[in-house]
Amino acid sequence: MTRTRIPARPRRTPSGGPTALGLGLLLLIPVTAPAEQDTVPAPPSLDAPLEPEGQAPRPAGEAVELGLPDGDPPSAASGEGLTLSVEDAVLLALRHNRSLAAEQLQPAITGTFEAVERAVFDAELFAEMSASREESVRQFSEVNRPPAVSLSQREQAEAGLRQTLPTGTDIELTLSASRSERRDQISTTEQFTSRAGLTLTQALLQGARIESNLASLRQARVDTAISRYAFRGFAESLVADVEQAYWDYVLASRNTAIFEESLEVARRQLEETRQRIRVGDRPETEETSALAEVALRRQGLIDARSQRARARIRLLQLINPPAARWDSRIQAEDTPTPDVPPLEPMAAHLQLAMDLRPDLNEARLQLQRGELEVVRTRQGLLPRLDLFITLGQSGYADSFGSAWRAVDDEGYDYSLGLQFSHPLGNRAGEADARRARLSREQARESLYHMEQLTALDVQNAWYEANRTREQIAATRQTRILQEQVLETEQTRFRVGSGTALAVAQAQRDLLESRLDEMEAIIRHRQALTDLYRQSGTLLLRRGIEAPGDTRAETAY
């Protein structure tokens, strides 16, 4: 049984940088954020709990286990609201996500086929009992002669043990006992017979190679390994989705706060404009620009709240916390800052991806499986030629006990021979072997293609992470300059040389720059998550141990 655990101690990333303490999940610069509450009305259907009532517990023992810390985060037990860090969200998802619970069973299901293939070489115990009775009547031609009636009956019992070996050998050991009786008008004959026999059948051509006979079992083992890498890939995708959804919610929450703040600023600007109009310092047309700006801010706030609500329910669906409902509030504890470390070299990510990407390791195992299929089907090209030997020792007496004691007497039997068979043309065997060779070539080409796609994915993810990292500094500088522009326009407006329209435009530009800066910060965190997933190191960097953390072996 493979156990996956999250160690409660510091870990080192492949680059040597420290990860966070606690659950071992990397915290991305935690900063406490104020609680947010969606004001979008929730429909009645959102009153339903996330976890259906009477839901069966998650499977244990038969599935790939995740050795998680006991208990959920304290806030997860409350249905009123959740206060979550990104590591809390990942922990809840690993413990309660329903799709992960289903995926955990797949390696166990696949492993049952390995047991089926192994059972081919298990010993088999067999037994048989039978009884027969025959009565015959012989009619004579003489008129006065009565017909002759004879009665035969037989009881037989047989038990034994048979087994097939990987060497292509079939062994069968049998013990049998029988009683026969024949009765007619003249005499009655009764005989007891016992026999111990051994039969050996050895394949000489088809089925004689151990590699061929074990190919199906080894393929089943490869399938089990493939399912474990598939589970790791699914777990990585789930962790990546949870982190992406968490930061989407953080971004939507911060955007909502920015729009609320900008709406309040627009309202104050409107009130200031109205005061200046009343004292005759500004024409009445200035009020229209200020009103339009308030309406525009309200419009943006409505969209921001809607995006936050969608991000919230998406995050709830992924983490599936107990006792929570669809309308449960979420308070995000972590908000990233503009300070980000430099990226590791692209070559390091490429090398890690070639070794650790689950889908790439699955492709390697598929090629290995194809090699085994070629070995298995190659035997189908050979004729069937078997050597068989049967040895037996029999005893005869007037009772069962005496018959078994008489097994050591001179009664014996043996047979020796060859059996040959081969279909004319052997089209089925040729087709199977050709299909196996073509499938192996297809798996090899698929592996080469997968390696190219892996390199492409890693490089694209690295360039995206680098782009968002550089955008953080650029958007920050833009926001600082826009603050100065707004301050200048507000000063000009107060001294009478500026207009409300110019102030509104400056406020709008500042709002966009603030949104761009926050989005650049969040997108960089998400780009890093995607880069780690593309390189196959996301679970390692988050301190999560799971099956498939090494390069797939190419040996059987």
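Q: Hi! Where is the place of Leu-198?

A: Leu-198 sits in strand 7, with strands (E, at least two residues) and helices (H or I, at least four) being DSSP runs numbered from the N terminus. This is a predicted model, where local features need pLDDT of at least 70, side-chain atom pairs count only at pLDDT 80 or more, and totals for chains, interfaces and linings use all residues. Residues are numbered from 1 along each chain as its sequence is written, and side-chain values use heavy atoms, leaving out hydrogens and water.

Q: Is Leu-198 buried or partly exposed?

A: Partly exposed, at a relative accessible area of 32%; buried means under 20%, exposed over 50%, partly exposed in between (1.4 Å probe, protein chains only).

Q: OK, new topic: which residues have the most contacts inside the largest nonpolar core?

A: Leu-84, Val-239, Val-242, Tyr-246, Leu-315, Ile-319 and Ile-330, in a core of 45 residues. Such a core is a set of buried Ala, Val, Leu, Ile, Met, Phe, Trp, Tyr and Cys residues joined through side-chain atoms within 4.5 Å.

Q: Nice! Which helix gives the largest share of this core?

A: Helix 5 (residues 215–278), with 13 residues. Another core lies apart from it, with 11 residues, including Phe-259 and Leu-301.

Q: And which elements each supply at least two residues of the lining of the second largest pocket?

A: Helix 4 (210–213), helix 5, helix 8 (358–378) and helix 10 (427–495). On a 1 Å grid over the protein atoms alone, a pocket is an open set of points where a 1.4 Å probe fits, with protein on both sides within 12 Å along at least five of seven lines; lining residues have an atom within 4 Å of a point.

Q: Which residues lie nearest its centre?

A: Gly-207, Ser-212, Asn-213, Arg-376 and Arg-384, out of 21 lining residues.
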